[in-house]
Amino acid sequence: MKKVTISDLMKWKQEGRKFATSTAYDASFAQLFESEEMPVLLVGDSLGMVLHGAPDTLPVTIEDIAYHTRCVRAGSPNCLLMADMPFMSYATPEQACDSAAKLMRAGANMVKIEGGDWLVDTVKVLTQRAVPVCAHLGLTPQSVHIFGGFKVQGREQDKAERIVRDAIALQEAGAQIILLECVPRELAARITDICDVPVIGIGAGNATDGQILVMHDMFGISANYMPKFSKNFLAETGDLRKAVAMYKDEVERGTFPSQAHTIA
Ligand code: KIV
């Protein structure tokens, strides 16, 4: 696979070309994803749940993410590699710089942070210091205790408007990707239309520029839980490599997520 950069994603957005992305946590799967030409990988703090068996992502540390970022980078030298800034690792812009430095030194090309307009200064500070940022909105799992559970966000008009305003503010601050998790399809479609930067969705319908899945959900092997918006591609194909190829193909053709995997 040729090296993938943010310029490729911007070009694909302008061309209306959809792209698939996945989480990854180790070198072997990263290599498999790269051989199937998965352009973007995320070392997600979901590793706290799918690797460590925690009930949420809060126990994950910056050292955990840096370790897995090094592993994934070793397996996939050419993907655009995003790394999650875990809970309380970007509470202030200064702390965000220290945390981002650890992840960029470990091989990340971009960091991902969860939250709305309170992060405008942090995004400005990071991007001015050469750290590309993906802004994660909607169901931001680090806020699970504020939300009272892993719940769909943006169903009410005022909450939807707030997510739209946050996406615009974070893009204006310098965020180069917006990621929307568990929001209604119509809201994700509107934000994808408004934003100049690529919008990646998970549980956000098929109108976004890109899709992401937690790899364990793609293979139907997550402990205890399978989100409604996900699909077990391994059950469909019986083979890991074919499962990845099928997921990628369905995203690129816009057939995944289908209506059955979409939040109204
Ligand atoms: O941590 C993660 O895997 C994520 C994805 C669900 C987008 O943030």
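Contact here means heavy atoms within 4.5 Å. The model is predicted: local features need pLDDT of at least 70, side-chain atom pairs count only at pLDDT 80 or more, and totals for chains, interfaces and linings use all residues. Residues are numbered from 1 along each chain as its sequence is written, and side-chain values use heavy atoms, with hydrogens and water left out.

Select Glu181 to begin. An unreviewed UniProt entry lists Glu181 under "active site"; such annotations may be inferred rather than shown by experiment. Glu181 belongs to strand S6 (residues 177-181), a strand being a DSSP run (E) of at least two residues. Because its relative accessibility is 14%, Glu181 counts as buried (under 20% relative accessible area, 1.4 Å probe, protein chains only).

Next, display the surroundings of Glu181. Leaving aside residues up to four places away in sequence, Glu181 touches His136, Leu137, Gly138, Leu139, Pro141 and Ile202. The side chains of Glu181 and His136 make a polar contact at 2.9 Å (a pair of N or O atoms within 3.5 Å, one able to donate a hydrogen and the other to accept it; residues adjacent in sequence count only if both atoms are side-chain atoms).

Now turn to the largest pocket, with about 750 Å³ of space. A pocket is an open set of points on a 1 Å grid over the protein atoms alone, where a 1.4 Å probe fits, with protein on both sides within 12 Å along at least five of seven lines; lining residues have an atom within 4 Å of a point. Of its 38 lining residues, Met49, Glu181, Val214, Asp217 and Tyr225 are the closest to the centre of the largest pocket.

Methods: Helix = DSSP H or I, 4+ residues; strand = E, 2+ residues; numbered from the N terminus. Buried < 20%, exposed > 50% of the residue type's maximum accessible area, 1.4 Å probe, protein only. Points joined across faces, edges and corners; volume = space filled by probe spheres on them.
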